[in-house]
Amino acid sequence: MKQKVSLGSRLFDFFNITFMIVLIIVMAYPMVYVFSASISNNALVASGAVLLWPKKITLIAYEQLIYNPDLWVSYWNTIRYTALHTVLTLIATSAMAYPLAKRWLPGRRVILLMAAFTLLFSGGMIPTFLIVQRLGLLDTIWAIVLPSLISTWYLFIMRTFFEGLPEELEDAAAIDGCGSMQILVRIVLPLSLPVMVTIGLFTAVNQWNSFFSALIYLNDREMYPLQIMLRNILIAGTNVQGEGDLTHLETLKYAMIIIATLPILCVYPFIQKYFVQGTMIGGIKG
Amino acid sequence: MAQLSRIGYVLKKHKALYLLMLPGILYYLIFKYAPMYGIIIAFQDYSIGRGIWGSKFVGLKHFIEFFYVTPDAWKLIRNTIMLNVYDLLFHFPAPIILAVLFHELKSKWFKRFVQNISYMPHFLSTVVIAGILVTFLSPTTGVINHLLVKLFGIEPIMFLGMPEWFRTVYVGSEIWQKVGWGTILYLAAIAGIDPMLYEAAKMDGANRWQQIRHITFVGMVPVMIILFVLTLGNFMEASFEKILLIYNTMNYETSDVINTFVYRRGILDADFSFATAVGLFQSAIGFILVVAVNRIVRKYSETSLW
């Protein structure tokens, strides 16, 4: 059926597309600028000569950072915090979600309610800090990993996913003499790859980007993750070059942003669809 | 006795399943429920040496001190509420509008392209966002001020040094970072709308605005309700980590919120009991808000959180 396109409708399309183009510029400009500034001449960035495209291209800021040992220490810290956190989160979350997906399991409701209540109320920053301190976790990798080990949202997402798996497969395995543990590892987990990848990626990106737990739980410089180093340079104004040397002050900041964000920007195109999926699985259950 | 042996029997029968849950349950007990128990120190003069059982009980002393003695108490409460009200007013509707506009785009590849660009800021860390804000908004070297000078001839503005600019900067950057990502759930809701509804509406001569209003918008209402209740659940929290990074003594007047205060008094000054009391005041309000709103929502619509 051919529709008559009214003037109003065409005007709407025109403004909508114009708006989208403005939106693209607004969203992309800061990222483009950060990149351009990071490879430009410091004086031109500071004086405002660089507005979009790089000028007097130089990699000096990156060179300065690469020879900074603190950067590599913090990079390594971030990598190991992220790896350990992601692995342990996946293990603990799936191990807890699997029994919770069994509707006939006695006590299931109580445990679900216990988990759900933490979404509404929490002990707060100080009591949690005191527990971590009491357990002697301060200045260890465990202070970063354990307090945020299980996210109740991910637990519910995974439980919902497990509930949707066909019961018959598990029953067949049980008849063949598989225990619950074996069924989980051999049958349920391989079938749950999409949800595992999604939650793994969510956890990894969150941990890569997080700074607050490191801020309150870590005092040892050797333990600082990337985000803390980034904060010290960008916001607290710590000079990476050492006292008094301001020759690359501005461009160093932008280069540091790129170095810290690069891994995420590199994998973003590949993982983007998992994120969208994951948000929707979580959303369906509310 | 009979009850106990029954529990014993059930535990034994499903031993493997309960063992699987054990680490998770321990996690909740240690890192979620023990801190809730730790709230007791809000009513004590807690000292690390004496511990939670040995510290002196002082009743509401810390609450009274906060409300009657702390000169900034009302400023903190006002800032917390105002930042969140502005966020709710501008940030909550933004993804709804954007989702409708995305949906109205005819070209599929263009739609996907804009969507992907708009999701990007979501993946930047809070520190990067704060760092971009601080460097971009700098009155001497920031690009925003350079642009303002070049394009409009405006004198450089010290955005982060002026209390009157803080709320705009805060809410603006929240929208910038989260609006694109926020459309995902709404777009999923729109995708779930039966295309027949649009066909029928066209037959009846509904124009595009009427279709948006009566079909697209209505289709998004359940998601809106859920997200609204959830947003209110975090109402008192704000994006505290971002505030912590971009606030400074010059803009405390509008930027200092309850959480940043709790951080300074509790973590930096180690004034544990007092900070816990202030934190408890905040989480209690948050809890009451979400329960009340959910109750109201449940009364008037089919969708609610529980």
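Predicted model: local features only at pLDDT ≥ 70, side-chain atom pairs only at ≥ 80, totals over all residues.
Colleague: How many residues does the contact take from domain 1 of chain A and from domain 2 of chain A?

Modeller: Domain 1 of chain A and domain 2 of chain A bury about 770 Å² between them, with 77% of it on carbon and sulfur atoms. As for residues in this contact, domain 1 of chain A gives 11 and domain 2 of chain A gives 11.

Colleague: Which residues in domain 1 of chain A lose the most area to domain 2 of chain A?

Modeller: Three residues together account for 58% of what the side of domain 1 of chain A buries against domain 2 of chain A. These residues are Val34(A), Ser38(A) and Asn42(A).

Colleague: Which helix of chain A gives the most to the side of domain 1 of chain A that touches domain 2 of chain A?

Modeller: On this side of domain 1 of chain A, helix 1 and helix 2 (42-47) of chain A each supply at least two residues. By class, the side has 7 nonpolar, 4 polar and no charged residues. The most residues, 6, come from helix 1 of chain A.

Colleague: How many salt bridges and how many residue pairs in polar contact are there between domain 1 of chain A and domain 2 of chain A?

Modeller: The count of residue pairs in polar contact between domain 1 of chain A and domain 2 of chain A is 2, with both residues at pLDDT 80 or more. For salt bridges between domain 1 of chain A and domain 2 of chain A, the count is 0.

Colleague: What area do chain A and chain B bury between them?

Modeller: The size of an interface is often given as the accessible area lost when the parts come together. Here 95 residues of chain A are in contact with 89 residues of chain B. Carbon and sulfur atoms carry 79% of the area buried between chain A and chain B, which is about 8,100 Å².

Colleague: How many salt bridges does the rule find across the interface of chain A and chain B?

Modeller: Side chains of opposite charge can pair when their charged atoms come close. One salt bridge joins the side chains of Lys106(B) and Asp13(A), at 2.6 Å from N to O. Another joins the side chains of Arg208(B) and Asp13(A), at 2.7 Å from N to O. Across the interface of chain A and chain B, the number of salt bridges found is 2.

Colleague: Why does the pair of Arg208(B) and Asp13(A) join two chains?

Modeller: The side chains of Arg208(B) and Asp13(A) meet in a salt bridge. Because Arg208(B) lies in helix 12 (residues 208-233) of chain B and Asp13(A) lies in helix 1 of chain A, the pair joins two chains.

Colleague: Which helix supplies the largest share of the side of chain A that touches chain B?

Modeller: Between chain A and chain B there are 14 residue pairs in polar contact, both residues at pLDDT 80 or more. The largest share of the side of chain A that touches chain B is 18 residues, and these come from helix 1 (residues 7-38) of chain A.

Colleague: Which UniProt annotation covers residues 77-293 of chain B?

Modeller: Over residues 77-293 of chain B, the chain is 77% helix and 0% strand. The end C-alpha atoms of this span are 20 Å apart. In an unreviewed entry, UniProt gives residues 77-293 of chain B the annotation "domain: ABC transmembrane type-1".

Conventions:
Residues numbered from 1 in each chain as written. Chains lettered and ligands numbered in written order. Heavy atoms only, no water. Contact = heavy atoms within 4.5 Å. Buried area = accessible area lost by both parts, 1.4 Å probe. Salt bridge = Lys/Arg side-chain N within 4 Å of Asp/Glu carboxyl O. Polar contact = N/O pair within 3.5 Å; in protein donor to acceptor, adjacent residues only side chain to side chain. Helix = DSSP H or I, 4+ residues; strand = E, 2+ residues; numbered from the N terminus. Nonpolar A, V, L, I, M, F, W, Y, C, P; charged D, E, K, R; others polar. UniProt positions renumbered as here; feature names shortened; annotations may be inferred.
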